[in-house]
Amino acid sequence: MTITTAAPAGTPPVPGRGRRGRGIARMCLRRALFAVPLLVVVSLALFALAARSPFDPLAGYLGDRYTTVSTADRQRLADELGTGQSWWRQWASWAGHAMTGDLGYSRAYAQPVTTVMAERGPWTLLLSGVALACAVLAAATLGLWAARRAGGLVDRAVTVSATLVQSVPPFVLSLASVSVLAVGFRLFPVAGLTDPGADPSLRQVSRHLVLPAAVLALSLLPWLVLSLRQSLRAAAESDAVLGARARGIPESVVLRKHILPVALGPFTTVVGLRLPELLVGAAVVEEVFSWPGLAGSLVTAARELDFALLAALTVATTLLVLAGSLLADVAHALIDPRVGRDG
Amino acid sequence: MRRLCAVLLTVSLAAGAAACTAEPGARPEGIVLADGDELGGYNPVAGHGEAGDSKIYDGLLRLAGGEGLPAFEPALAARLPEVSVDGLRWTVPLREGVTFTDGTALDAADVVATYRAVLDPASASPLATAYEMIAAVEATGPHEVRFTLRHPYAALPAKLLLGIAPSERLTGGLASESALNTEPVGTGPYRLASLRPDQAVLVANEHYWDGAPQVPRLTLVHVPDDNARAQRLLAGEVDGANLPPRLAAGFADRDGFEVSANASADWRGVSLPAGHPVTGDPAIRAALNRAVDRRAMVEHVLAGHGRPASTPLPAVYGPGYDIGAGFEHDPAAAERLLDAAGWRRGPSGVREKAGVAAEFTVMYFPEDTLRRDLAQAFATDADRIGVRVHVRAVDRAGVPGRLPVDAALLGGGDLPFDPDPQVYKTLHSRYADPAVGSAYDNASGYVDPAVDEALDAARRTLDPAERAALYRRVQEIYLEHPGYVMLVFLDHTYVGADTGYTGALPVLEPHSHGVNWGPWWNLREWTRE
């Protein structure tokens with residue numbers, strides 16, 4: 001799914017390659033410009049919503065001491081920590097510092113936000129990247145296999161199991177896989193990034209990555225398989241494909257040149273749209289597998305109203321989703337030349 | 001969801017028994033514990049080790065374990081403190097020749113700096129209220145400090161458990177932004193060797209003033225999920241963890257594991273606000289205390305790991321606790337009390353008096369399932385004697401404003417090593433005013449001049465026998481006219497695997513209970529078998 005993929009030959013008449021490249025470049029620029037006001041609006045909305053949230057930022061800061069700290073001391077703490085200010089003042093102060101690269105301190109982790117993100121971010125990217133890649137590969141394989149004969153045994157088996165997996169929440173998948181594969185048969189470690197006390201070497205991390213990445217991939221899989229199967233079938237039944245078959249073009253060529261380009265387009269869009277879902281799944285999987293990632297930190301930051309961390313993670317997530325959907329659209333435009341580039 | 005987890009765990013217990021083939025990977029030396037709490041935050045000013053549970057820092061005093069109320073023994077203090085006749089000045093001589101793990105020597109300036117940082121509003125220390133009785137702390141010599149108090153406070157030794165950090169590292173500013181959170185420097189039995197988001201490695205302090213500990217290394221892994229901690233124990237990845245009672249019970253019959261429970265003064269009870277026509281009524285208060293089946297709550301809600309509570313003081317206070325049987329479960333007597341007071345059953349079964357129906361609301365924090373379960377058990381018991389209780393989840397921010405009119409399922413016991421913090425703010429009439437102290441202090445608006453007098457007298461005298469008599473008096477009066485329905489004290493449960501080390505002692509635990517407590521609270525004293 002890289003942008004360097006050449007446009008498939010033999011497709012209907014389309015603008016020349018140079019013009020398409022320029023169109024895609026313009027789309028990227030337009031989206032980048034659009035991202036700036038969007039980030040401002042998202043962060044403003046975050047601070048405004050958090051101000052109306054029933055949670056008290058001091059409850060997160062004080063923990064069990066919340067009920068014993070006197071009202072006067074609580075007021076002093078709110079003044080020192082700046083949690084008592086109006087939400088737009090807090091936003092202005094946060095945005096001003098963020099412009100200069102100072103993302104502030106995370107109260108929940110008692111560390112600079114940049115340290116929290118640098119220590120945990122790579123592990124989340126590794127986990128979700130591997131899971132997404134596995135899910136896409138598996139979905140492509142299963143989808144193609146199932147779509148070869150609509151209504152056949154494979155098709156029905158894939159559809160039924162995808163629906164079943166879709167109906168099981170990720171935490172149940174996690175617990176079940178740990179119970180059977182890690183505790184029962186001791187094939188994999190139960191949880192953690194490494195064995196206790198070990199350094200995060202390639203061998204250690206890859207061994208510990210298998211189960212959480214597999215569970216996360218499995219939780220993403222059903223949507224991808226079902227949508228790919230659907231679009232493959234729709235493409236296979238289109239007039240163009242029927243015509244191609246009627247002209248006697250070999251089945252392999254029909255699949256490669258007529259069905260796949262049309263069907264993979266919507267599939268890349270679905271992959272792009274599932275990115276937020278990936279993050280939600282990662283939060284659950286990180287918690288169950290004690291994986292020291294950022295998705296879990298996002299939940300902590302939201303629960304404790306740790307503004308500095310919450311704002312940084314929300315903005316980062318927004319950027320990630322924007323980049324993901326842009327990448328998907330670029331891929332879609334490259335795969336299926338009929339697709340417009342934002343008009 | 002909880003049941004599902006239990007089923008899955010049972011399956012894995014069975015599977016584990018069937019297929020114990022693969023051997024566990026190479027294990028680090030020493031002991032590996034799984035902690036549900038976040039790692040880091042090792043700054044005493046930010047609240048780390050307030051109750052003397054730090055492995056990295058020492059306080060002026062430390063706890064001596066064993067059954068009953070722990071005694072205090074000198075740690076960084078050379079001897080127990082000397083107190084002036086008026087009880088306002090406490091002088092503590094310091095142990096000489098003690099060094100921090102950065103090589104600097106401990107002196108009075110470090111103690112002064114630590115306590116001043118806690119009291120300094122600019123550090124926004126969460127401990128400020130807990131140390132409000134201290135007016136000043138100053139060095140009276142290179143190895144002597146003096147605390148000057150705002151009022152006589154016999155329970156001060158419990159405030160001398162706080163870990164001492166080097167003055168050079170207490171640079172002012174917010175406690176949550178101090179470098180000590182991730183690079184702690186203390187005088188304690190262990191020092192932090194490495195810290196990752198998922199793992200902290202502590203190694204024995206070879207130069208520890210009380211002798212280097214025999215357990216050479218303590219590896220703490222952060223495992224937020226209860227089930228995951230249980231499973232990592234089963235798989236042999238960790239040697240111990242804190243577990244909720246139901247999960248801990250699954251290890252009771254397994255070889256190589258030991259389930260332990262430490263008593264705590266961590267109470268749960270229902271406040272009965274004086275400002276509400278039903279909960280403020282003395283007959284209702286007395287009747288509810290006899291209507292609740294505390295033993296059933298311990299059995300069913302706490303899976304047996306707890307004790308019934310009639311007052312905020314648990315039996316562990318020994319001579320300071322002598323209240324006979326407390327409140328017995330006697331619904332018939334409760335009904336007689338209500339009948340005699342004029343609360344008559346109405347057509348719907350709910351009692352009424354002068355047009356007021358016997359109903360009120362009990363609030364609990366939404367995410368706290370234990371409080372929810374106890375509130376529901378309380379409502380069921382109250383319903384049997386014709387008092388209708390509405391159980392309602394209210395977020396923390398919404399609770400304080402409603403405490404004067406709505407009942408709430410509250411808890412306490414965060415620093416239980418003296419009876420004073422356990423009862424003073426709960427029962428003293430000064431705290432009945434919501435504007436004084438925290439809104440949660442004396443949330444019932446309990447006022448009894450004789451109780452006030454006894455509580456104040458117990459702060460003034462240092463004589464243990466006299467203090468015990470005063471606290472007994474408080475409980476006698478309270479049992480006559482209760483102001484809350486105290487329900488239970490919790491026991492904290494832990495599971496440990498056999499490690500070849502011994503030395504665990506029971507200890508009374510405060511509200512908090514990570515793996516800093518449990519059998520491992522005195523790890524420095526453990527020895528190789």
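These notebook entries record what I looked up in a predicted model.

**Entry: the sheet of chain B**

I traced the strand order in chain B and found an open sheet of four strands, running β4-β5-β7-β6 with antiparallel pairing. I then asked which strands stand at the edges. They are β4 (82-83) and β6 (134-141) of chain B; each has a single partner strand, so one side of each has no neighbour in the sheet. I next looked up the pairing of β5 (residues 89-93) with β7 (residues 144-149) in chain B, which is antiparallel and comprises five bridges. Within this pair, I noted that Thr91(B) has Arg146(B) of β7(B) as its bridge partner.

**Entry: helix α2 of chain B**

I located α2(B) at residues 108-119, lying across β6 and β7 of chain B at about 165 degrees to β6(B). I checked its span: the 12 residues reach 17 Å from first C-alpha to last, close to the expected 16 Å. I counted burial as well; nine of the 12 residues of α2(B) are buried, so the helix is largely enclosed by the rest of the structure. Among them are Val111(B), Val112(B), Thr114(B) and Tyr115(B). The buried residues of α2(B) pack against β6 and β7 of chain B.

**Entry: contact between the chains**

I looked up the contacts between the chains and found 49 residues of chain A touching 61 residues of chain B. On the chain A side, the helices α2 (57-62), α3 (71-81), α5 (113-148), α7 (170-184) and α11 (275-288) each supply at least two residues. I recorded α7(A) as the one that gives the most, with nine residues. By class, I noted 27 nonpolar, 10 polar and 12 charged residues on the side of chain A that touches chain B.

Methods
Residues numbered from 1 in each chain as written. Chains lettered and ligands numbered in written order. Predicted model: local features only at pLDDT ≥ 70, side-chain atom pairs only at ≥ 80, totals over all residues. Pairing = 2+ DSSP bridges. Contact = placed C-beta atoms within 7 Å. Axes fitted to C-alpha atoms, helices over the stretch in contact; angles between N-to-C directions. Expected span 1.5 Å × (residues − 1). Buried ≥ 20, exposed ≤ 12 C-beta atoms within 10 Å, placed from the backbone. Nonpolar A, V, L, I, M, F, W, Y, C, P; charged D, E, K, R; others polar.
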